[in-house]
Amino acid sequence: MRTLATVILALAAAGGALAQQAWAWDDGTTPFVVSPPEVVDRMLHLAAPKKGERLIDLGSGDGRIVIEAAKRFGAPGLGVDIDPKLVELARENARRAGVEALAKFEVRDLFETDLRGARVVTMYLLPEVNRQLLPRLFEQLQPGARVVSHDYDMGPDWVFDEMMELKVAEKLVGPTGRSRIFLWVMPANARGTWVSDIPGHGGKWTFTIAQHYQVIEAEATVPAGGMAVRGTRLRGEEIRLAVVGTLNGKPWNHLFRGIVSGARIDGELRLSDGEHSRTLPWTANRQ
Ligand SMILES: C[S@@+](CC[C@H](N)C(=O)[O-])C[C@H]1O[C@@H](n2cnc3c(N)ncnc32)[C@H](O)[C@@H]1O
């Protein structure tokens, strides 16, 4: 028979030893433990499902995340759980909440769940399960989809976009007395060499972008010389590049902002010389 084992992991942290608790059934699978209501509230707040956007909760337990997303955001959701009794309970809870048309539940292994079409994926699973899921998230989710996890991240390779921590008195498993909530936004593919024509302001701009998940490094050049890229951001399909440099004898700040769609970026360039600013359309094509 499976028992709930509490494993104390001693994690050496820089500057001192940090003890953290983790939990699992003896066979290493994730047991049923609920996310407290305030955690569900913050998870949905971070994921911000728009009306009609599909949400999937992997390991849905009593269905609370899917039900709350349906009630508050009108999000059509699917919860999958390996335990048929929990799926039955979740369906009953959805009926009681009056959202059974939006909040669906199925007995299914989360590793066999089709994630295509989901705009939000939520989870409260063990850290190693998150890591095993990572390739599947990248295979099946589109840029801009949000992944939200209670308590555990995706390992050191895929850093989160946002994280919040809150005190939760009733939290007796995992990090006791507090919860952490992580958000990742699936990044578009922005890597490569991109070219833009900006007549009267540098002419042919070339951007060279390297990418690791959503973290990008960029270089920008114009025929007259190099420009300095001071800031970058890729969040889903939206890319931002802050570039400074001298053109026509004047120092300029450039904020490029656009949507990456396949081999094209469409957006705008905000130009400022410290006294005046103006906005131009910006298009870039991948070489
Ligand atoms: C920690 S509970 C989270 C419940 C709910 N998502 C919440 O946050 O309140 C994890 C759930 O995952 C389910 N689970 C564990 N392994 C699973 C698997 N391989 N496929 C589907 N569900 C699984 C468990 O039955 C349990 O209900």
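Two residues are in contact here if their C-beta atoms, placed from the backbone, lie within 7 Å. The model is predicted: local features need pLDDT of at least 70, side-chain atom pairs count only at pLDDT 80 or more, and totals for chains, interfaces and linings use all residues. Residues are numbered from 1 along each chain as its sequence is written.

**Exercise 1.** Find which residues A118 touches, leaving out those up to four places away in sequence.

*Solution.* Start from A118: its contacts are R54, L55, I56, L141 and A145. Helices are DSSP runs of H or I with at least four residues, strands are E runs of at least two, and both are numbered from the N terminus.

**Exercise 2.** Work out the strand order of the open sheet and which strands stand at its edges.

*Solution.* Strands pair if DSSP finds at least two bridges between them. The 7 strands run β5-β4-β3-β6-β7-β9-β8, with mixed pairing. At the edges, β5 (103–107) and β8 (162–167) each have a single partner strand, so one side of each lacks a neighbour in the sheet. Now look inside: β6 (residues 120–123) and β7 (residues 146–150) pair in the parallel sense over 4 bridges. There, T122 stands opposite V148 in β7.
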